[in-house]
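Hi,

Here is the structure I promised to pass on to you. My notes follow below it.

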Amino acid sequence: MRSQVPDPVHPPRGLSRRTLLGGLGLTAAATMAGARSGRAAAAAPDGGPLSVVVSTAPAGRGMPLVGYNTGHFMPGSNTSAWLAYSRVNAVRFFASFEDWCPDEAFDPGAGISDIDAFDVAKDELRRSPEQNRFLDWALLREVFEHHVYSSTNFYRLNHQLAELKRLGITPIIEAAQLRWNSPWSGLWQQWQKHYALTYHLARDYDVERFNFVNEPDHPSAAKDIVDQQIYIRGLQIASDAVRCAIADVNQRYGKRLRPLVHAPVVTHVSSSRGNDHMDADPDADARDDRYGWGEISLRNLRTDYHGTQVDYDIFHVFDTHQYNKTADVYAYEFAMMRQRMREYTPTGAELPIVYSEFNRRNTSAFETSGDDLDTPLIYCDLARIWGEAVTAQAEGMIVFKFQDTMRANGIPYGTGCYHVEHSGVYDIHGSTKAAEVNRLFAKGFAGQQRRLLHAVTGDGRTIPVSRDQRTRCHHLWLPRASGSPAGSVSLDLGGLGLGGGEVVVEEVSPTYSGGITTVVPLPADGRITLTQPAEAVWLVTVADPGESRSIEAYADASVSQAAQPSGGAQQSLAIALDPGGASAVSYLAFDLGGGPAARRAVLEMHGNSTDGAPLTVMAYVMTETSWTGRDLTWESAPYLDPGAVRPTSVGDRLHPAGQLTATGATGPVRLDVTDALRRARGRSLGFLLIRERKRGEDTADDGRRLELSGCAAPAPDLRPRLRLYR
């Protein structure tokens, strides 16, 4: 049975609108031609002075899905702690049916020789989803609970989904098996697999989002997806299975889940022209000579596997991938894809758009480019892509990938934002600068509950501005172009009525890795000028006026391999990683007292690096402070592996809080630790400050030392403190 493909010369027309799932509908403001001309200013060099005027005029909503493609996720690892640290609200991961849906757990389809027999079997299974002659649920439950995924990403399915649910992170499941060029018996088995996995994940973990086939346009898929008719039939059948499974879960368990299928999940790897993931591309791959993959999917948006026109969409999100491109290309693509949707969908509607894989470079490009995710060119360009995407009202952007897992060729993925240990339970040991850029963006713009406000710049740059009502803060996203010099940034926030509030700048740059560089009051007229360093990405937070209080640390400790036990209050605290035997870590403890909960918290210390060059160390928040009052040695220091100079119990008693940077000049060292307040148990909150090696090659700062003032510093204003804002 083949689906009917509408006539491309006379496509159907309908009401032109945009449907954003659970969010604010905004029709694209520009045609493709308008996007080309309208983006000229934004694509111009932006190394000069920047002026920004912000008004209360609405400009949309925050990004509903900000996330990563995950890699390893094993029980006992610290993956969940670092995922929470990243602040993302969505993850995508691969769930191949070869692993999670073994053939022996499903009816092989003997006697299913046509569509009528297929429908009869489907109806019988749905009458009793959990007790029928088709599905071996006992085997499936065993696999879902205990099997370890056997690809380059090692995880247990139920464990990962349970952790994501606990963290409040939305999963996007890439579940597929390339067996769509099959008779009806094989298609019946594929329907069962999609149904069973969806049913389990929806029932137990409230999963709603499913990709259909990863990159069907890639030449590697051509052995099964031999033509687009095979692909469309597969999409129709898989979508039907997802829709049926979630409907059955809702009916049996009183849930209100939505079936959200993402398609066509295309790459641009085989493209010979700019728009051919949407349009026909007559080249060596003949499968899309007549219709682009985007076009064929959209034209069949309301055609089911019987070839019947239906009154619902068979997929709900337009999903695509992109690598090796800059922000202006994304800006063009958003406008182009929306125009094509209005042309190609039977209803004339625009679907939400998700890039379920993107990065500044792909894996092979990183291996030959000589740069990485700590290079200013890369993290600055990523920041600009985030800005264009939220301004264009993307439904979601999912970075590939979370960890730098090991490829089959023995080389870690250059796209991995967090450094993972390639053994044991695959713990994470630190982040790249690109990861910190992504974290700051998520802090300011993740979630459709945020409101975007209108901003006008003097040179036409795209500057997203959000309002977070929960924290009573405005956020401005200010990425500087790689290679541009330092320049002034003049902000006119007078229209927001925030005079008397506070301006906080968090920075990723060659010097900083997400820490606070500036805290200044906002003048009464709401106007302020700052100097942004070269190759710096800023998240500027403007907090509403409010009360604050300052809490000094009541205990500290500085523990060194080469020193006597640490006891009593310290005048100075040292942090160092020294293979020569002089490594040092430091501890802080605070009594939070009572009173209302704080909406923001900043850890503030004073000090410098001893060699005059900037040095960055990691801060972990501690959930208990029973170490206070004891003399600590290197061997007895809490939550420290003394041999590896590495924290232990991360994800249990310790949680990543952020990276502190001190320069050669003595001065304030600050870090936003608002998230750390959630870790407090009772009145106490502690911190471990440590310079740990993120990976084997991370040796550039070996032997260098950070000195910070301690609780016994002679000047009270230099002592460690928490500033809490209500």
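Val-66 has Met-397 as its bridge partner in S11. Strand S3 (residues 65-69) and S11 run parallel and are joined by five bridges; strands pair if DSSP finds at least two bridges between them, and strands themselves are DSSP runs (E, at least two residues; helices are H or I, at least four), numbered from the N terminus. This is a predicted model, in which local features need pLDDT of at least 70 and side-chain atom pairs count only at pLDDT 80 or more, while totals for chains, interfaces and linings use all residues. Residues are numbered from 1 along each chain as its sequence is written, and side-chain values use heavy atoms, without hydrogens and water.

S11 also pairs with strand S10 (residues 353-359), again parallel, over three bridges, where Val-354 meets Gly-396. Five of the five residues of S11 (396-400) are buried (under 20% relative accessible area with a 1.4 Å probe, protein chains only). Gly-396, Ile-398 and Phe-400 point one way, and Met-397 and Val-399 the other. In a regular strand, side chains alternate between the two faces of the sheet.

On to the cavities (sets of points on a 1 Å grid over the protein atoms alone where a 1.4 Å probe fits but cannot get out; lining residues have an atom within 4 Å of a point). Of its 19 lining residues, Tyr-85, Pro-656, Ala-657, Asp-675 and Ala-676 are the closest to its centre.

The second largest cavity holds about 70 Å³, and its lining includes Gln-236, Arg-243 and Tyr-312.

Best wishes

Definitions and conventions
Buried means under 20% relative accessible area, exposed over 50%, partly exposed in between (1.4 Å probe, protein chains only). On a 1 Å grid over the protein atoms alone, a cavity is a set of points where a 1.4 Å probe fits but cannot get out, and a pocket is an open set with protein on both sides within 12 Å along at least five of seven lines; lining residues have an atom within 4 Å of a point. Grid points are joined across faces, edges and corners, and a volume is the space filled by probe spheres set on the points.
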